[in-house]
Amino acid sequence: MTRFQDPRAAELAQQIDQINVTGWEGACDMALQHVAKGELSPVETVLRFDMFQKRAQDTQGKRQAIWAEQVSQGISGIEWYTVEYGGVTVELPRLCEELMLVPGDKKILIQSKPVALDFLAH
């Protein structure tokens, strides 16, 4: 189970996930439905590519807006996860794939290094 350093980050990560589903994956599905099957003429293929490119740019713009909000509000991109092995359990931080690092996140990661190394040594 994971938990976020800042509880507000969960909502932002969920928004990014939704953008990815509707944007990137939707754009790829649209492009592959007809282009990969060879059902389109060269002109139609170019038009589909333009639509794909526009959708991908819109998706990137939405992600950038959420990241800008995250950074401006100082919402940590760190999530904590639990690792268990050989009867030893530790909680370690990592950067959430959907979010950005903000000031202070690097310090959290560096401070957890000895815990991670001790766990690996065990």
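In what order do the 3 strands of the open sheet run, and is the pairing parallel or antiparallel? Select the strands: the order is S1-S2-S3 and the pairing is antiparallel. Strands pair if DSSP finds at least two bridges between them.

This is a predicted model, in which local features need pLDDT of at least 70 and side-chain atom pairs count only at pLDDT 80 or more, while totals for chains, interfaces and linings use all residues. Residues are numbered from 1 along each chain as its sequence is written, and side-chain values use heavy atoms, with hydrogens and water left out.

**Whole chain**

Colour by secondary structure to find 4 helices and 3 strands, arranged β-α-α-β-β-α-α from the N terminus. Helices (H or I, at least four residues) and strands (E, at least two) are DSSP runs, numbered from the N terminus. The protein has 122 residues, and 30% of them count as buried. Buried means under 20% relative accessible area, exposed over 50%, and partly exposed in between (1.4 Å probe, protein chains only). Of the contacts (heavy atoms within 4.5 Å) with a separation of 6 or more, 64% are between residues 24 or more positions apart.

At Phe4, look across to Glu79 in S2, which stands opposite. Then show helix H4, residues 113–121, which lies across S2 and S3 and runs at about 135° to S3. Such angles run from 0 to 180 degrees between N-to-C directions, with axes fitted to C-alpha atoms, for helices over the stretch in contact.

**Salt bridges**

The structure holds 4 salt bridges, each a side-chain nitrogen of Lys or Arg within 4 Å of a carboxyl oxygen of Asp or Glu.

Stay at Glu79 and show Arg94: their side chains meet in a salt bridge at 3.0 Å, N to O. Arg94 is in strand S3 and Glu79 in strand S2, so the pair ties together parts 15 residues apart in sequence. Glu79 is buried at 12% relative accessible area, whereas Arg94 is partly exposed at 34%.

Move to Asp6 and Arg8, whose salt bridge spans 2.7 Å, N to O. Asp6 is buried, at 12%; Arg8 is partly exposed, at 41%.

Finish in helix H2, residues 42–73, where Lys54 and Asp58 are 4 residues apart, about one helical turn. Their side chains form a salt bridge of 2.8 Å, N to O. Lys54 is partly exposed at 47%, and Asp58 is partly exposed at 36%.
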